[in-house]
Amino acid sequence: MSDVAPALGQIAVLVAALAVAVPFLGRYLAHVYTSEKHLAVERASYRLLRVDPDADQHWKTYTMSVLGLSLVGILGLYAFGRLQEHLPLSLGFGALPADGAWNTAVSFVTNTNWQWYSGEAALGHLMQMSGLTVQNFVSAAVGMAVAAAFARALARNLAGGRVGNFWADLVRGVVRVLLPISVVAAVLFVAFGMVQNLLEPQAVHTLTGGSQAITGGPVASQEAIKELGTNGGGFYNANAAHPFENPTPFTDVLEIFLLLVIPFAMAWAFGIIVGDRRQGGAILAVMALLWGVSVALLTWAEMAGPGLAPSAAGGAMEGKEVRFGEAASALFAASTTGTSTGSVNAMHDSLTAPGGGVAMFNMMLGEVAPGGVGSGLYGMLMLAIVTVFLCGLMVGRTPEYLGKKIGQREIVLVALYVLATPVLVLTGIAIAITAHDGLAGLQESGPHGLSEALYAVTSAANNNGSAFGGLTSGTPFWNTLLGVLMLLGRFLPMVLVLALAGRFATQRHSPRGAGTLPTHTPLFVALLSGVALVVVGLTYVPVLALGPIVESLS
Amino acid sequence: MKDIYTLFRHSLAGLRMLVAMTVLLGVAYPLAVTGIAQVAFPWQANGSLVTATGEHTEDADEAVGSARLGQVVDDDALFQNRPSAAGDGYDPLNSYGTNLGPNDPDLVASIIELEAQVAEREGVDPADVPPDAVTSSASGLDPDISVAYADLQAPRVAEANGLTEDQVRDLVDEHTTGRTWGVLGEPHVNVLELNIAVRQLAGS
């Protein structure tokens, strides 16, 4: 049903809005994460919470703060879920099962927001707003903080492994960035038809004499941070396809804008923090290039509608909403999987085979195009270091990035980072398809069945959170497996990033030499894009061939 | 051991931070937004409810549904919604799609069967049935149908309600929302509001 001209126009509107907002927000983010001054309200809260915001933390201390906060976050959210029946505004819903509470606690603290439950049938309003919404903010601010620490480490000279103050980064990310934008976005959302109340479901007598429950809830306030923080956990089961979570084509494009704006702006901020905007520009260009290609491929796939069901129906409208159609659904799908959001406005399980394959490939890239808030930037910087290392090998010089030498210790950390998620994904899929309990969850058989399982482990290990929803994942097996993947997929890479930040912050800046590979040129953009694709390609092609590729060709 | 003690110490700071964040982000923020929403946009914030005469209301007892949510249309004289996988159909307590894959044999069979049903109901060729008429939406609560599906149903609705086709087509036009700014989304027809208008015109 979509036409090509408006499909392109819609992308143009989004790109124009981002082009205006990203430099502003990028400059602001750079200021937020480098300024010496605290706001009065921040200073008061530091005093109240007895944390020292001016201590320049060693990377190990910084890491301990990240892990300490995340640990209590998981424990707190687990307790919240287990005790739900005793809490106010529970809407009569009982406690979550142990495996489910574990999965959800890890899911929201790791910025994954994988959901095994159906929001409207399992969670009360208090769990949603005081449990999940809080972690939507906090997990996003943690990702941004780690990326900021990494950028500052690259900018520093002989800093003895010190990378900044986690508590100040965290509080600033929330108070100065996420919260103000969320308030504005939430109010806009309500104006265009999103619900925002604390009501229980209300029964109405329908036009033809039936009965329908009108659900309520603090939806808009959660929706705003869910997109802005690249979280993606829906208030309702249908996520951003639900008309109360995404009422109009305008709210749809606003949601896509929100989930892309910080990841792109972080790259801009990076350039400013390291004192060379062109470096940020190159990183941003690679992100935009990979995102653009995936948008084009997914839009083509959904509008062309290959496959038996789309052919029979005359269009790929299964699992899509009429107000969005194929094009806006494809734009959302590419953006939500290119960032680590995982919110959906169409059911990904029903995407065409090539469309679903692109969504999966986006996640396998390691969430770098443009990636999650913070995690997208540090993920792409890791690939940039791999790129300078490979190029250094070719010309026989010690590789360096922004004046920091990539020696043996550094490249070991980077290699471990690059390997961590693929190992989790491939081990996860191996366990899932050899275990009886794993196969029991699949709705489809054959290649699409494999795709359902592969999508789930990929989504979890890369902290995306979207799903091929045919998979019944609310079982102890899947809840436990995916919980472990989410936890390791978030914190293993994060600790490696901070360790590398510590190495860089210890080094002195070496002056540029004749053999230094410039990292701001179109050539570097092309090299880095190639490295990203080759690394993923080599790792995942065998399993992709058995799933979406064979399905596309059949 | 030293590391575990350090982690414990940082966890205590983390706990204080988490409590503060919960008060700010988990209580103050959602309640503030609720307050603003209830004052500035009470109709939308409470579910965009409409009455049998198409008036906006915030009272569920007066309402026949939400302008944002599709509902089961149990009357052959009215415009029909899309197929729905939400519970027994359009159940907001079970929002979801079928999640059937693009080559799923059951999905293909159901599409072919629905095409035949719709074609028979509207007295047209199965090839003329638009895709949204035979596919389930993502939410199972899609409030809209395509303009093509509305046009397809207009003759039947006109006849069943003693209206002319032109009258019904005018109503369809009135309840069609075009692409925002000419580019965003797809043109769509709100079924509940359209059916309310049909009943009002037929009753007057």
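The following legends describe close-up views of a predicted model.

Figure 1. The largest nonpolar core comprises 211 residues. Those with the most contacts inside this core are Val146(A), Phe150(A), Met266(A), Met287(A) and Ala501(A). Helix H6 of chain A, spanning residues 125-155, supplies the largest share of the core, namely 21 residues. Apart from this core lies another, of 43 residues, which includes Ala63(B), Val64(B), Ala67(B) and Val147(B).

**Figure 2. The surroundings of Val146(A).** Val146(A) is among the residues with the most contacts inside the largest nonpolar core. When neighbours within four places in sequence are left aside, Val146(A) is in contact with Val66(A), Gly374(A) and Tyr378(A), as well as with Met494(A), Val497(A) and Leu498(A).

**Figure 3. The side of chain B that touches chain A.** Contacts between the two chains involve 88 residues of chain B and 104 residues of chain A. On the chain B side, two or more residues come from each of helix H1 (2-40), helix H2 (42-45), strand S3 (63-66), helix H3 (105-122), strand S4 (144-145) and helix H6 (191-203) of chain B. H1(B) gives the most to this side, with 22 residues. By class, the side of chain B that touches chain A consists of 46 nonpolar, 32 polar and 10 charged residues.

**Figure 4. The cis peptide bond between Ala369(A) and Pro370(A).** Most peptide bonds are trans. Ala369(A) and Pro370(A), however, are joined by a cis peptide bond, with omega at about 0 degrees. Pro370(A) is located in the loop between helix H13 (353-364) and helix H14 (375-395) of chain A.

**Figure 5. Thr230(A), a residue with positive phi.** Most residues other than glycine have a negative phi. Thr230(A) is not a glycine, yet its phi is positive, at about 45 degrees. This residue, Thr230(A), belongs to the loop between helix H8 (219-228) and helix H9 (249-273) of chain A. Is Thr230(A) buried or exposed? Thr230(A) counts as buried because it has 37 C-beta neighbours inside 10 Å, the cut-off for a buried residue being 20 or more.

**Figure 6. Ser48(B), with a positive phi in a loop of chain B.** Phi of Ser48(B) is near 50 degrees, a positive value in a residue other than glycine. The loop that holds Ser48(B) runs between H2 and strand S1 (49-51) of chain B. Ser48(B) has 25 C-beta neighbours inside 10 Å and therefore counts as buried.

Key
Residues are numbered from 1 along each chain as its sequence is written. Chains are lettered from A and ligands numbered from 1 in the order in which they are written. This is a predicted model: local features need pLDDT of at least 70, side-chain atom pairs count only at pLDDT 80 or more; totals for chains, interfaces and linings use all residues. A nonpolar core is a set of buried Ala, Val, Leu, Ile, Met, Phe, Trp, Tyr and Cys residues joined through C-beta atoms within 7 Å. A residue is buried if 20 or more other C-beta atoms lie within 10 Å of its own, exposed if 12 or fewer, and partly exposed in between; C-beta atoms are placed from the backbone. Helices (H or I, at least four residues) and strands (E, at least two) are DSSP runs, numbered from the N terminus. Two residues are in contact if their C-beta atoms, placed from the backbone, lie within 7 Å. Ala, Val, Leu, Ile, Met, Phe, Trp, Tyr, Cys and Pro count as nonpolar, Asp, Glu, Lys and Arg as charged, and the others, Gly among them, as polar.
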